[in-house]
Amino acid sequence: MTTRQVAEASRVAEGTIFRVFDSLQDLVEATIVSAFSREKLLEMLEGVDLGPDLETKTRSTLSLLTRHLDTIRSLMMAIHHTQGHPDHCIKDELEARRLELDGWLSERFAEHADELRFSPTQYVSFLRLLATGSVLHLDTEIDLDTAASMALGGALRKDQL
């Protein structure tokens, strides 16, 4: 990726970019820091309604996590493709946002605690695991609807319980 490509994609002159950023690396770092900020997470969650029941919340959560993790994956690939390494350590930011998002989701599942075999926090962690596998394309045989069904009902047939 070059500043020329960024300028063309943004429909601005390349010189405009250099009025704000000294280098492509500075532009990428500013983008990453902004993308992983608490403000961006809150903006993403603003107005999100996961639905009224456990099944709808499960499907909505898998979709939300998949989109969020795919964005992180794309940004990490952009970091990898730029020259050098970011000066700003994003590991701590990613962990802080993960904890905040998991906390927010766990609060929404708390009203269904009596329907779950595990705590809402553990259930959200399990859904994150499923979403991560989906984003990384670890298994193409399981779509998000199947993953939600498995999360809700387990893998055993009802006659086997």
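The following exercises, each with a worked solution, concern a predicted model.

**Exercise 1.** Determine where lysine 57 is placed, whether lysine 57 is buried or exposed, and which residues lysine 57 touches.

*Solution.* Begin with the secondary structure, where lysine 57 is found in helix H5, which covers residues 54-81. Next, take the relative accessibility of lysine 57, which is 4%; because buried means under 20%, lysine 57 counts as buried. Then list the surroundings: leaving aside residues up to four places away in sequence, lysine 57 touches Leu50, Gly51, Pro52, Arg108, Phe109, Glu111 and His112. Finally, look at the polar atoms, where a polar atom of the lysine 57 side chain lies 3.2 Å from the backbone oxygen of arginine 108.

**Exercise 2.** Describe the backbone and the exposure of arginine 11.

*Solution.* First locate arginine 11, which lies in the loop between helix H1 (3-10) and helix H2 (14-20). Although arginine 11 is not a glycine, its phi is positive, at about 60°. The relative accessibility of arginine 11 is 79%, and because exposed means over 50%, arginine 11 counts as exposed.

**Exercise 3.** Work out how H4 and H6 are oriented to each other, and which residues make the contact.

*Solution.* Start from the geometry: H4 (residues 38-45) and H6 (residues 90-109) pack at an angle of about 25°, with their axes 10 Å apart. Because angles under 35 degrees count as roughly parallel, H4 and H6 are roughly parallel to each other. The crossing of H4 past H6 is right-handed. The contact is made by Arg38, Leu41, Met44 and Leu45 of H4, together with Arg97, Glu100, Leu101 and Trp104 of H6.

Conventions: Residues are numbered from 1 along each chain as its sequence is written. This is a predicted model: local features need pLDDT of at least 70, side-chain atom pairs count only at pLDDT 80 or more; totals for chains, interfaces and linings use all residues. Side-chain values use heavy atoms; hydrogens and water are left out. Helices (H or I, at least four residues) and strands (E, at least two) are DSSP runs, numbered from the N terminus. Buried means under 20% relative accessible area, exposed over 50%, partly exposed in between (1.4 Å probe, protein chains only). A polar contact is a pair of N or O atoms within 3.5 Å; within protein, one must be able to donate a hydrogen and the other to accept it, and residues adjacent in sequence count only if both atoms are side-chain atoms. Contact means heavy atoms within 4.5 Å. pLDDT is the predictor's confidence in each residue, from 0 to 100. Axes are lines fitted to C-alpha atoms, for helices over the stretch in contact, and angles run from 0 to 180 degrees between N-to-C directions. Angles under 35 degrees count as roughly parallel, over 145 as roughly antiparallel, 65 to 115 as roughly perpendicular and the rest as oblique. A crossing is left-handed if the near helix is turned anticlockwise from the far one by less than a right angle, and right-handed if clockwise.
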